[in-house]
Amino acid sequence: MSSLSATIQDVFNEPGCGKNANKTEAERKKGCTKQLQPGGAAGGCAFDGAKIALQPFTDVAHLVHGPIACEGNSWDNRGSASSGSDLWRRSFTTDMNETDIVFGGEKRLYKAIKEVIEKYDPPAIFVYQTCVPAMIGDDINAVCKAAATKFGKPVIPVNSPGFVGPKNLGNKLAGEALLEHVIGTEEPDYTTPYDINIIGEYNLSGEFWQVKPLLDELGIRILSCISGDGKYRELAYSHRARAAMMVCSKAMINVARKMEERYGIPYFEGSFYGIQDSSDSLREIARLLIERGAPAELMDRTEAVIAREEAKAWAAIERFKPRFKDKKVLLITGGVKSWSVVAALQEAGLEIVGTSVKKSTKEDKERIKELMGQDAHMIEDMTPREMYKMLKDARADIMLSGGKSQFVALKAAMPWLDINQERSHAYMGYIGMVTLMEQIEKALYNPMWAQLRKPAPWDDAGVNWQTKAMEQMDAQAAEIAADPVLAEAARRAKKICHCKTVDLGTIEDAIAAHGLSSVDGVKEHTNASGGCGACKGRIEDILAAQPTPMLQAAE
Amino acid sequence: MAIVTTSKKACSVNPLKMSQPIGGSFAFMGLRGAMPLLHGSQGCTSFGLTLFVRHFKEAVPMQTTAMSEVATVLGGYENVEQAILNIYNRTKPEIIGINSTGVTETKGDDVEGFIRLIRQKHPQLEKFPLVYVSTPDFKDAFQDGWEKTVARMVEVLVDPVEAGAARDAARVNVLPGCHLTPGDLDELRTIIEDFGLKPSFLPDLAGSLDGHIPDEFTPTTIGGIGVDEIATMGQAAWTIAIGAQMKRAAEAMQQRSGVPFRLFERLCGLAPNDEFVAFLSEISGRPVPAKYRRQRGQLADAMLDTHFHIGGRKLAIGAEPDLLFDLSSMLHEMGAEVAAAVTTTASPVLERIKTQEVLIGDLEDLEELAKARDCDLLITHSHGRQAASRLKIPFYRAGFPMFDRLGAGHQLSVGYRGTRDLVFDLANLVIADREANHQPTPDTWRTTDSGLQVVPPQLH
C-alpha cells in the first residue's frame, strides 16, 4: 500500500501527460497542482475531483467519510444519467461530529459501511477520505480492508482529501484507487475482438447515448465506461478490453496509460464533440481494434456509418447557415471542449471571437490555433467587465460557457448557452452537434432580447446602467489613448503573473536592469512564474519582444 | 408536545442537513459590498458556492483561504492574511466576513488572534470591518451558522448606545432567520413601511440575491444592508426578530444598545400575522391599513377553499427547525396531520411542534417514516426529489436548497398574502395528484363476498 504522498508524486510524474513531458525534473516534482491563492481561488478540491470522476458508477454506494460539509453541501449535483441502478444518486456520509474528531472516526466509518451493506447491498462501496479525518489520522485503507474481509464485499478506499490539491488532482487520485483496488479483480463472462473501454466520460445529460447506438451498430462493445453509466463489475474486468478511448484529456490519463502499461490496452485521446471529432474517434476505435485482431472489414463498416451520419448531420446543419451568417460567438470554456466545439461551430458558419484556454493544456492551445489560425484570440483570465464589454461592443452575439460566467452575459441581456456539466441538453456525436445548433438558434433569435434591451419608459435611453458602464469604459480607454504617459502606465500595469501579482512593467524593468534572457532569470528577479507557471508563455513572449540584451553577464 | 430524538445511525443517508459555515457565509451575503470568506480548503467554499448559485441562479461572491495540507498542519495565519489582503486589494469590499470550517477548527486556528496581528501589520486594515465567526462543520447545522453569524455582526458592527439616549421612534430593526427568502423580506418591508415605519434588515438578502441587475459589476455582493446602516441600528425603537434562531442576535442588540425586541417565531398562517400586524399597529400608533384588512379576508377565504384538500392530509416534513415549526404549525392549523417531522439541529421550538416525535435525522429517515405512516404530502428542500418519486406523493419544495425549480428567491411564506398563495399552491398540488393518480374506477369501492374491501380506497 503506497502512501498518499507517494501516490501524488507518482501522479505528478505522469509521462502520458504532454504538459508534464515539457517540464524539468524539479518542476515535475512540484506537481501540476496550481498553487492556490488565498482569497483568489475558485475551483473545487481534490475530494470534489475524485467524487466527480467516480460518482457516475451507478451501482456503487459512494460513502463520504467526513463532516457534513463535504457531502451534505454537494450531493446529487451532477447530471450524469444511468440506465440502471439509481444507488449512485443516494448520498452516504459519516457526518462526523465533535466526538469523532476527539476519539477518531474509524469506528463510525466501519459501522457506516456495515449499515450501507445491510440496507442497500451494493456490489461495492467506494469510501472517500476528506480533510478532517485525514488530519486526525483515520486510516481509511485499514478500515476498508477490515470491512471488505468481514463483509466479503469490495470496499474501496479513495484517498483524495480536499486539501491535497485541486479537482484535477482528485480526478487522477480517483483513477489511482481504481487501478490499485478494482481494475483486474474480476473476469468477464466472455470477450470479443470488439471490446473497448471509454475512459473519462461521465455521460452528462445522457449524452454518451447519442454515440453509443453507432458503436452498437458496428458491433463494438463497451466493456467498461469509466465512469458514465458504469457498473462495478464492468470496471473490475475492464482490463480485458482490446482498446481504449480517453475522452476528457486531463481527467484520467493515468488510468489510460497504466492500463496500457499493465494490460497492453492501447488508447487514443479523442472526443465526440463536433462532427469531425466524432468521425475521427470512430475511425481511431476501429483502427485500434483491427490492430489488436479484429477483422479489417470493421473499418469499411465504420466508414460507411461515418459517411451516412456526416451526410445527415451536414444536411441538418445546412439550414442554420443563413441564420448564423455574420453571427459571432464568444466561447469561454476549459480544456478539451474548447477545440472540439470550435470546429463544429465553424462548420455551421459561426464566427468565433474568442475561446478561453485557462484550463486547456498547451496541446489544446495548439489545436485551437490550428483550427482558428495563428491569430486566434484566446482569452486568459478575462474579467467579467471585459467579457461584458466584448459582448456589448457587439463583437459577440452569443456567449457559450460554463455555469459561472453565465450571469455576465445574461445580465447584459445577451444570449448565453450552457455547455458545461450543469447543462440540460446533450451535445455529443452527430446528433448532439445538431442539437447544439438548434439551441444556439433558439437563444439568438428569442424575441425577448429586444424587449429586455430597451430601457424602461421612465429611463432615458442614454442613462441606463449598460450605457453608463460602457461610457465609463470608453472614457477610460479614450483617456488612455489621448495621454501617452497614461497609456504607457496602463500597458505596464498589465498583470502577467497572477499568482505572484507581477505586472508587465516590473518584468520589463528587471529584464532591462539585469539583462535577463530566460524565464528562470525573470523568476529569480521578480518572482513572476513562481506560482502555477501558467504565465511562462507570456514571459517568453515578453523576452522575445525585448531588444536583444547586449550582455548576459549581469544574469 | 413532541419528543425530540436523534438518529442513532452511523451513516447519514441522503442528508437533510447542510453545514454551518455556509450558513454563516449566507448571512454575510445580506450585507452590501461583502465578501464572505471561508477559512478552509478550497472545496469548502466551492461546494457552498455551487449550491447558492444553483439555488438563486445568480452570481454569488464567496472566497476561500485555500488551505493546503501543509498550511493546515502548520496553521493558517499566512493564508488568512493573504486572503484578506487579496480580497481587500482586488475586490474593494466594504466588509469581509470570515467563517471557520472543520479543517481549520480541527487544527484549532485562533483566527481572532490572526486578525489582531493582521490589523497591526497592515495599518490600512486597522479600521476595516472584518467579522469572524467560529463555525466548525462537525457541529450544528446551516441554521446555526446563520444564527451565530448574525449575532456576531450585531456584536461587532452595531455602535453601542448609551442608556437613555434618544431613539428614532419610526426605526425598526428586522432580524430575519435564514428560512425567509428575499421575496419574504420584500413582503415584510412593504408591510412594515405601510405602517410608516423605517425598517433595517440584518441581513438583507433581498438587496443582494433578489436577482436585480446591478449598476456596477462588482465581485462582492451587489446590495444588502450597508455597514454604515448597521452601525446605527442601536438607535431604533424596536427590534423584530423572526424565527427562534434570531433570539440570540436580538438579545445581543438589546444588550449592546438597549433596543427592546419582539420575537415572532412564525410569520406563516393567520394567527401569527394577526399578532404581527397588531404589533406594527401598536408600535407605529397607526390603524391597520385597509390593504391588510382585505388581505386578511383573502387569506381567510383561501383557508376556506383549501381546507377541503389540506385538512386530513398526512404530512411528512423535513426542514431546519424554524422552517419546520413555521410550516408544520400552519398546516396543523389547516387540519393537516404532522405525521413525520425530521430536522437538522436542536432548537427550543422543536418540542412545540404539533406532532408526536421530531427526529434530528436525514431524508432516508423521513422517507421511511413517510412510507410507514402512509403520508400523502411531502415538504422538504430539493434533495427530497428522489424520495418523492419513490413515495409517489405530492411534493412541495421548501427551504434551501431549491436547485431543480426556478424562482426560489421569490417563494413566499410570510404575511397574509404569502400564506394565501402558499395554501393555494399546496391545495393545487393535492388536486393535481388526485387527478393524476387517484381517479376512481368501477372497482375502487367493490367489496368481496366476506364484505371486506378488496383494495382500500386510495382517494385522498
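In this predicted model, strand β1(B), residues 3-6, runs parallel to strand β13(B), residues 357-360, and the two are joined by four bridges. If you want a place to start looking, find Ile3(B), which stands opposite Glu357(B) of β13(B). Strand β13(B) has another parallel partner in β12(B), residues 337-343, this time over three bridges. Here Val342(B) has Leu359(B) of β13(B) as its bridge partner.

Strand β2(A), residues 92-93, pairs with β2(B), residues 12-13, in the antiparallel sense over two bridges. Within that pairing, Phe92(A) has Val13(B) as its bridge partner.

| Strand pair | Sense | Bridges | Example partners |
|---|---|---|---|
| β12(B) and β13(B) | parallel | three bridges | Val342(B) and Leu359(B) |
| β2(A) and β2(B) | antiparallel | two bridges | Phe92(A) and Val13(B) |

**Where the chains meet**

How many residues of each chain are in contact with the other chain? There are 53 from chain A and 53 from chain B. On the side of chain A that touches chain B, the elements supplying at least two residues each are α4 (46-54), α5 (68-72), β2 (92-93), α6 (98-103), α7 (106-120), α8 (131-136), α19 (384-395) and α20 (406-411). The one that gives the most is α7(A), with five residues. By residue type, this side of chain A divides into 26 nonpolar, 15 polar and twelve charged residues.

**Chain B as a whole**

Chain B holds 17 helices and 15 strands. Its C-alpha atoms fill a box of roughly 90 × 60 × 40 Å along the principal axes. A compact globule of 460 residues would have a radius of gyration near 23 Å, and chain B agrees with this because its own value is 23 Å. Of the 460 residues in chain B, 57% are buried.

**Domains of chain B**

The domain assignment divides chain B into domain 1 (20-157), domain 2 (168-286) and domain 3 (293-437). The C-alpha centres of domain 1 and domain 2 of chain B are 24 Å apart. Across their boundary, 28 residues of domain 1 of chain B are in contact with 27 residues of domain 2 of chain B. On the domain 1 side, the elements giving two or more residues are α1 (20-28), β3 (34-39) and α7 (142-157) of chain B. The largest share comes from α7(B), which provides ten residues. That side of domain 1 of chain B comprises 18 nonpolar, five polar and five charged residues.

**A two-sided helix in chain A**

Finally, take a look at helix α25(A), residues 504-514, where Thr506(A), Ile507(A), Ala510(A) and Ile511(A) are buried. These residues sit on the same side of α25(A), because they cover an arc of only 135° around the axis. Which exposed residues does the face of α25(A) turned away from its buried side carry? They are Ala512(A) and Ala513(A). After α25(A) comes Gly515(A), with a positive phi near 60°.

Conventions. Residues are numbered from 1 along each chain as its sequence is written. Chains are lettered from A and ligands numbered from 1 in the order in which they are written. This is a predicted model: local features need pLDDT of at least 70, side-chain atom pairs count only at pLDDT 80 or more; totals for chains, interfaces and linings use all residues. Two residues are in contact if their C-beta atoms, placed from the backbone, lie within 7 Å. Ala, Val, Leu, Ile, Met, Phe, Trp, Tyr, Cys and Pro count as nonpolar, Asp, Glu, Lys and Arg as charged, and the others, Gly among them, as polar. Two strands pair if DSSP finds at least two bridges between them. The radius of gyration is taken over C-alpha atoms; the globule rule is 2.2 Å times the number of residues to the power 0.38. A residue is buried if 20 or more other C-beta atoms lie within 10 Å of its own, exposed if 12 or fewer, and partly exposed in between; C-beta atoms are placed from the backbone. The arc is that of the directions from the helix axis to the C-beta atoms. Domain bounds come from an automatic or database domain assignment.
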